[in-house]
Amino acid sequence: MQRALLAASFAALVCSVVGVFVVLRGMAFMGDAVAHSSLAGMSVAYFFGGSVFWGAFAWAVPASLAITYISRRANVRLDTAIGIIFASGFAVGIILMSQVSNYTADLFGLLFGNVLGVSWGEVALIGLVAGGVLLVISTLYKELLFTAYDATMSAASGIPVRFMQYLLPLLVGITTVASLKAVGIVLVLALLVTPAATATLLARRLPGIITFSIVVGLISTIAGLYLSFHADLPSGPSIVVVATALFLAALLFSPSKGVVWQAWRSSPLPQE
Amino acid sequence: MTTETTINTTKSTPALAVRDLWAGYDGKPVLEAINLNIDQGDIVGIIGPNGSGKSTLIKTILGLIKPLRGEVSILGREGSPERHLVGYTPQTELVDWDFPVTVADVALMGRYSRRGLFRRTTKEDREAADASLELVKMFDLRDRLIGELSGGQRRRVLLARAMAHNPKLLLLDEPMAGLDATAQHQLLDLLDELRSKGATVVLSTHDLSCVSSRCDKAACLNRRLIAFGKPSEVLNEQVLGDTFGTHLLMVHLDGQAYAYQHHTHTEGSGVIETNLPEGDSRPDGYSHD
């Protein structure tokens, strides 16, 4: 349980921060595609008895760079490039996994995560990768912010925009890999998007949004894990359900943007 | 003899010199053989129809597009423009106004070209950004999110960002588009003020009346530079016909030539753009609305 909590918290932390950029730049499905296509790398590693984590990592890095490259170069739209990478990696992964004897059980673990079975070595690895991503973001925060907001102007200011435009998808790809153990391929998207989306309902400026995103991500993860532990539910989906509940609560009751208060405010009040 | 060590500010040095410039996308030129000398302290309006290369010219001057041929020099400096000499505002449609940053955040971004990678912004940067906001009269709204601003306020925030590092040359891409007459005149008054502080302003626009009444020089562009000079000398029927082609309808009334431009990019069509000076230049003789 301790290991699971640590691993899932590291994943939630990095997902919540990266997720803010993902939500603002509309990159949600890019992250999803990288996660799905990493199944190919994971199953290659699995097939040959290597580390599933590094298998996913080794696949995610070129996959996220390829999505950016294809969409920039070959006159292919970003969503098209995402679709190609998404499906091809997933297909290769399923083919390889089908050659393994206990196909279904293992595939299930990869798709939906198995955080309760995480080892200390994996915890350290997830922490290391998450820490690396957060370090890059904190050193290049100013540039990431400016490029995400206004690429033309930041290029005019001498910021290496092309580098940034490759860097952000790469960070997203690495982040999904760090989170696969916690929530699995299929649900990574939720950890990436839901806390950040919740935070945009609660805070106005970017620093506040990032803070709220982290808080929501960590609460979802810890509460979700306890829920799964005590009610004997699968851990990944439990985390996602808690995160979604928090999102709905914010959507309804956020002081500034909540649906309920807005309806309250716009309702005609009796004039004095 | 005094020698300026940082910037050659001799009055005779053009703020911007463009020599035999060819530029475009994917090796296909949009701009052909542009030659242009802009004096320091001038406000220059670039006019031309959509697709005439106004934005391409601005981006090439900024160094965002590499020229296919020819060169650009800013205050006598050739090659890649030195970032701190140039301020730029993009077309507002290209800016993400839903992005969760405040007016003060955006102004501070104007200082990033002075900071290298990895460097954090300093107190000096924040003070310069605030001063820039004061200049465009947006300081009181510094904590507003940019999404909460009006069209004119958005323009002024972008201008504050462009001014935050005290550039000598301001390049404004369509600063007038979408503004009502009042906001346009406020912006133009602000540009006059910036000019009086020593800045040179180059702006692109569809609005002939603003160029004829408020700019020192007009540059008529349609992939080539059709004409460049004082609005009263340049904005004649011949030049405008060559610049706008069939997009422009000329009407003569009481000895004045009126130009009607068909707007394809804004609501409505057949908008009256200007009355043109024929012989006598009339600096402010046309009501907007």
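Where does Asn166(B) lie? Read on through these close-ups of a predicted model, in which local features need pLDDT of at least 70, side-chain atom pairs count only at pLDDT 80 or more, and totals for chains, interfaces and linings use all residues. Residues are numbered from 1 along each chain as its sequence is written, while chains are lettered from A and ligands numbered from 1 in the order in which they are written.

**View 1. Asn166(B) sits in a loop of chain B.** That loop runs between helix H4 (151-163) and strand E6 (169-172); helices (H or I, at least four residues) and strands (E, at least two) are DSSP runs, numbered from the N terminus. Asn166(B) isn't a glycine, yet its phi is positive, about 50°.

**View 2. Asp232(A) is in a loop of chain A.** You'll find Asp232(A) between helix H10 (206-231) and helix H11 (235-253). Its phi is near 55°, a positive value in a residue other than glycine.

**View 3. Helix H3 (residues 52-73) belongs to chain A.** It has 22 residues and reaches 31 Å from its first C-alpha to its last, close to the 32 Å expected at 1.5 Å a residue (that is, 1.5 Å times one less than its number of residues). After H3(A) comes Asn75(A), with a positive phi near 55°.

**View 4. Chains A and B touch each other.** Chain B brings 18 residues to the contact and chain A brings 19 residues; two residues are in contact if their C-beta atoms, placed from the backbone, lie within 7 Å.
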